[in-house]
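Trainee: I would like to learn how to read a structure like this one, step by step. Could we begin with how its chains meet?

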Amino acid sequence: MTLATARKRSTKRSMKRSTKRSTKRAPGVGGAGGRPVDHGAWFLVLPALIPILVLSVGPLLYGIALAFTDSQSGRTEPTQWIGTLNFQDLLHDTLFWDSFRIGLLWAVGVTVPQFLLALGLALLLNENLRFRPLARALAIIPWAMPEVVVGIMWRLVYNPDAGILNETIRDLGLGEGRNWLSSLATALPAVIVVGVWAGMPQTTVALLAGLQNTPRELHEAAAMDGAGAWRRFRTVTWPALKPVALAITALNFIWNFNSFALVYVLTNGGPGGRTRLPMLFAYEEAFRYGQFGYAAAMGCVMVAVISVILACYLVGRLKAGEDA
Amino acid sequence: MKTGKGARAGQYLALLAYLVFLAFPFLWLLSTAFKPPRELGSLHPTWIPEDPTLANFRQAFDEQPLLDAAFNSLIAALGAAVIAVLIATPMAFVMARHRTRLAKAATGWVVVSQAFPFVLVIIPLFLVLKNLRLINSVPGLIMVYVVWALPFALWMLVGYVRAVPTELEEAAAVDGAGRVRTLVSITAPLLAPGIVATGLFAFISAWNEFFFALVLLKTPEKQTLPVVLTHFLGAEGVADLGPLAAAAFLATLPSLVVFAIIQKRITGGMLAGAVKS
């Protein structure tokens with residue numbers, strides 16, 4: 001620790017100077033060098049632009065800067081620049097990397113089934129079935145529910161005594177059921193099921209919108225030529241649906257990786273940290289232990305990973321655009 | 001298109017399975033909300049309460065300040081929705097109609113803002129709002145919600161603006177109307193249904209939001225419904241299930257009602273966004 005503090009002291013001054021310079025440059029209003037925009041357009045844009053800069057872009061830059069400080073809550077001494085010390089600590093923080101691994105498991109475990117199930121539902125809702133409007137309305141109800149309520153609802157379902165899941169298992173003679181959310185083996189899978197359930201409607205609506213863009217004539221022509229359902233799906237539906245599918249899975253992955261409320265209500269990260277997603281970890285670090293700088297560094301690492309995924313997403317989207 | 005009879009039956013069966021999967025947790029919540037304590041303690045819970053009661057609802061209101069929380073939620077959601085729509089509509093108009101660098105930067109922000117882990121934004125916001133003495137206050141929360149609701153509002157509104165034919169605006173421009181005038185008296189009235197749908201969607205999002213409210217609101221009389229609901233959970237496993245279910249059900253009702261109204265338009269809005277070049 002003494003070595004670390006020494007390093008912190010020595011880097012403090014130079015860090016301070018360099019960041020001061022960079023912050024002066026940073027908040028220049030975007031687009032100033034672009035084509036001249038007339039005053040009417042500026043007048044229309046400013047009411048939204050100012051809050052975006054002050055409450056979104058600004059805090060984001062501030063947050064990144066905090067990751068290089070020893071900022072803590074309720075401290076009287078001034079905050080100091082400590083360089084990459086937070087990141088070095090983070091590198092050896094096995095608890096964080098455990099949490100990160102759980103976060104990736106959760107994000108993949110939720111996103112993939114979510115997509116497959118939603119695709120099936122969207123294909124069904126795109127068919128000319130009876131009760132279709134009713135089915136569509138019912139299918140997207142979970143979207144309207146507060147995440148906290150979704151968590152509470154599933155806690156009631158998973159409840160070991162009064163829950164419907166164990167009761168059904170007992171009725172079917174499959175044993176006594178178990179305490180799904182507090183046993184080490186089942187907690188993460190149980191939470192993932194809830195994640196899939198909660199995100200399915202939104203994915204379904206996006207895919208349904210994509211399906212309605214697929215050329216009907218092509219579909220019918222393929223059917224006339226005797227192509228079966230699977231072939232029609234592969235050769236006609238999927239190419240048209242691919243851009244939407246790519247976009248929604250990428251976004252779902254990001255949203256799921258950053259998700260908080262569901263798991264906070266269901267397990268609060270337990271049992272034994274088995275469901276402690278990175279967001280829960282960072283939240284505790286920041287608002288229970290008051291380690292603002294360290295938590296911000298965690299946020300930066302999360303952003304870095306997500307940026308890589310977002311880059312893949314954008315490249316994929318551009319390619320899809322070229323094909324069209 | 002022709003589909004065989006067997007395949008059709010299979011489709012109906014699959015659809016039914018989906019709807020059961022999506023609906024059963026909600027039905028179980030309802031069932032729990034109307035059960036007396038004796039049935040909740042039973043080892044053989046039933047779908048339909050044998051002895052339905054409203055006692056859970058009464059107890060829920062006694063245990064937690066639900067009315068205050070509902071009022072806070074309403075102010076936060078209304079404030080966020082109205083302000084978000086008021087500032088997003090002009091911006092969406094510019095983004096949809098003018099291919100300036102600013103419009104491109106704004107579109108980039110809409111996409112990139114989806115990738116921020118909230119923790120990276122909430123720590124600085126917490127510090128800034130604390131300095132402004134806006135922590136633990138609903139107006140402070142509204143400010144955060146406005147910016148948080150903007151990306152999706154812009155996304156939807158840009159789609160709606162694109163759907164309005166430009167000829168009308170051009171005619172107005174020929175008659176000498178400026179940009180602001182054109183937006184206020186030509187485009188906005190045509191956009192009204194889209195604006196309402198966007199506003200209602202922002203309302204639901206803010207009504208349901210949990211993370212920012214958890215961090216920013218500290219005292220029970222300032223907290224919104226989702227945060228107050230978590231107080232029912234108590235320590236692990238000892239939650240009082242009946243009042244918990246009753247309160248959760250009540251907190252969901254407004255979202256469900258609003259969502260039922262705009263359900264079709266949301267689908268349309270996503271469609272518009274998805275189709276755009």
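Trainee: How many residues does the contact take from chain B, and how many from chain A?

Mentor: Keep in mind that this is a predicted model. The contact takes 77 residues from chain A and 75 residues from chain B. On the side of chain B that touches chain A, the largest share comes from H12(B), which supplies 15 residues, and by class that side holds 59 nonpolar, 14 polar and 2 charged residues.

Trainee: What ipTM and pTM does the predictor give the complex?

Mentor: The complex receives an ipTM of 0.88 and a pTM of 0.85 from the predictor.

Trainee: Which elements of chain B have the lowest and the highest mean pLDDT?

Mentor: Where pLDDT is low, the predicted coordinates should not be read in detail. Chain B averages 85, with 92% of the residues scoring at least 70, but among its elements helix H12 (residues 241–275) has the lowest mean, 77, while helix H10 (residues 211–216) has the highest, 94. Over residues 273–277 of chain B the pLDDT stays under 50, and the model has 10 contacts beyond four places in sequence for them.

Trainee: Which residues touch the most other members of the largest nonpolar core?

Mentor: That core has 186 residues, and those touching the most other members include B:Ala80, B:Ala84 and B:Ala149. Helix H7 (residues 138–163) of chain B gives the most to this core, namely 20 residues. Apart from its neighbours within four places in sequence, B:Ala149 is in contact with B:Ala80, B:Ala84, B:Ala202, B:Ser205 and B:Ala206.

Technical notes
Residues numbered from 1 in each chain as written. Chains lettered and ligands numbered in written order. Predicted model: local features only at pLDDT ≥ 70, side-chain atom pairs only at ≥ 80, totals over all residues. Core = buried A, V, L, I, M, F, W, Y, C linked by C-beta atoms within 7 Å. Buried ≥ 20, exposed ≤ 12 C-beta atoms within 10 Å, placed from the backbone. Helix = DSSP H or I, 4+ residues; strand = E, 2+ residues; numbered from the N terminus. Contact = placed C-beta atoms within 7 Å. pLDDT = per-residue confidence, 0-100. Nonpolar A, V, L, I, M, F, W, Y, C, P; charged D, E, K, R; others polar.
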